[in-house]
Amino acid sequence: MRLKIIVTLCLLAGAILAWNLHRIFLQVPDEASQGAIFRIIYFHVPAAITSFTGFYIAMFSGVGYLIGKDLRLDSIAASINEVSLAFATITICTGSIWGRIIWGIWWTWDARLTSYFVCLLIYFGYFMLRRAIDDPTTRARLSAVLSIFACVDIVLVWKSIEWFRTQHPGPVLEIRGGGGMAPGMEAPLWWNFLAFLMLATALVLVRTRQEGMRREIDALRRYAHAF
Amino acid sequence: MSPQNFTFMFYGFTVAWLIIIGYVISIALREKTLRQELDRVKRMVEQGEQSRQ
Amino acid sequence: MRFLRQTLAIAAKDLRSEIRGKEAVNASVSFALVILLLFSFAFDLEPEQVRNISGGLLWLIFAFAGTLILNRSFARELVNDCLDALLASPASGAQLFLGKCIANYVLIVIVEGISLPFFVIFYNVVPQRLALLFLVMLLGTWGITVIGTMFSAMTVNLRLRELMLPTLIYPMLIPALIGAIELSRVLITGSPLAESLFWFRVLVAFNVIFTILALALVEIVLVG
């Protein structure tokens, strides 16, 4: 049953992405000032929104664990955070490549890239913490608390870095892609977001099953050592 | 619509796909190790139970 | 009232043991001086440029030196199972946490108070509005202390505790650090204060939000 859901989600996501890519390359006109590179926004922004959605859903899953003490909720939280981290990496890499063309440099400490990088660092820390704890319940508990802190902090990080960059403009102008797009250009963005969301859900389902296997292995090992 | 723009646009899409594919491959590898580990531990448990009987 | 009394008892215990040993403060001040020295090699700047980055320098020194004190905060209780004894005591997790926060806060402020004159002398930077600078130091330090003590509690039983604490807390501290850095820069260079009031609000909001969050969650972290 689960396998069927995963396969269906992947196929649907693949279909939407393929149809969308056709639309993006052939039907959407080039943006006036940016040229062809602007199409990267159709991966950059959906990946960003997917990853943020994931981080916050994972936080609620962690809170669910703290309330219900069900280790499956912790597995779900960890899986979602891992998949979101992958999408966050996509966001930063595509953002950097876009910046290479628009600004001529691979990296700049503009508000969005910096905030994203901080997000990445916080969640690397999350996984580092998980790896350092052997006991499953302690790991679940501390991960959930870290997740809550991270999600509250991300809002403050965004706002403060944004204001910092308004006061100290970097060497490049920040071009806010996404605001003021023509109606025909915006729709593929949301379709891609839907596709990414489906892909992320499929990956989360696979990872959660793997976490369940890990729990089964731990339980069997404890049982085996009891002899 | 300079050629350089198109090239980098393809780099961008390629990087995104490579990250997704790389992540899927890492998940698949983890699945393989987990299955091997699970089989090994199950065999260990069976041996333990047999030796007890 | 009893809440406060027990909290202050725990703070007093930590402060007393530190004043007798003076290990953490000494190490922290030495580290701060070493960083001041290293920065002098890393940046070879005109006086005007130094004044512009003074806020950043100052708070990097405070953040790095403060971590040494924060690391020891819960780690010192591991010897002889003191942590278990504290958790079994009538004091709640929140009281234990707040007591340690206050003790760490006092120690870090002492370290900052000792480092600041050295910074002024070494870099030839005289703060224009000293009283307000002290206020910013007090506000910023509370933010560092709350997050640092909370994560010290989280990482107390981990193998790579000393390595993990800085990696976890510095990204979290960025809003507070940016706010403190900007306010310090404005106060040291004598720029108009009006446009920096936003950072003051950020610092206060950061402190309030994370103090409440930490007090709410520390029981879960310490006990389960």
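Modeller: Helices are DSSP runs of H or I with at least four residues, strands are runs of E with at least two, and both are numbered from the N terminus. By that rule, chain A has 6 helices and 0 strands. This is a predicted model, where local features need pLDDT of at least 70 and side-chain atom pairs count only at pLDDT 80 or more, while totals for chains, interfaces and linings use all residues. Residues are numbered from 1 along each chain as its sequence is written, and chains are lettered from A and ligands numbered from 1 in the order in which they are written.

Colleague: What pattern does chain A follow along the sequence?

Modeller: Chain A reads α-α-α-α-α-α.

Colleague: How many residues of chain A touch chain C, and what makes that a contact?

Modeller: Chain A gives 22 residues and chain C gives 22. They count because their C-beta atoms, placed from the backbone, lie within 7 Å of a partner's. On the chain A side, α4 (111–132) and α5 (136–167) each give two or more residues, and α5(A) gives the most, with 13.

Colleague: What classes do those chain A residues fall into?

Modeller: There are 18 nonpolar, 2 polar and 2 charged. (Ala, Val, Leu, Ile, Met, Phe, Trp, Tyr, Cys and Pro are nonpolar; Asp, Glu, Lys and Arg are charged; the others, Gly among them, are polar.)

Colleague: And how many residues of chain B are in contact with chain A?

Modeller: 25 residues of chain B meet 29 of chain A. The chain B side has 16 nonpolar, 4 polar and 5 charged residues.

Colleague: Over in chain C, how do α8(C) and α9(C) cross?

Modeller: The axes of α8 (residues 174–189) and α9 (residues 197–222) of chain C come within 9 Å and cross at roughly 145°. Axes are lines fitted to C-alpha atoms over the stretch in contact, and angles run from 0 to 180 degrees between N-to-C directions. Residues making this contact include C:Ala180 and C:Leu183 of α8(C) and C:Trp199 and C:Phe206 of α9(C). By class, there are 9 nonpolar, 1 polar and 1 charged.

Colleague: What makes a set of residues a nonpolar core?

Modeller: They are buried Ala, Val, Leu, Ile, Met, Phe, Trp, Tyr and Cys residues joined through C-beta atoms within 7 Å; buried takes 20 or more other C-beta atoms within 10 Å of a residue's own. The largest such core has 130 residues, and C:Ile147, C:Leu173 and C:Leu177 have the most contacts inside it. Helix α3 (residues 71–102) of chain A supplies the largest share, 16 residues.

Colleague: Which residues is C:Leu173 in contact with, leaving aside neighbours within four places in sequence?

Modeller: Those are C:Ala63, C:Gly143, C:Ile144 and C:Ile147.

Key
Two residues are in contact if their C-beta atoms, placed from the backbone, lie within 7 Å. A residue is buried if 20 or more other C-beta atoms lie within 10 Å of its own, exposed if 12 or fewer, and partly exposed in between; C-beta atoms are placed from the backbone.
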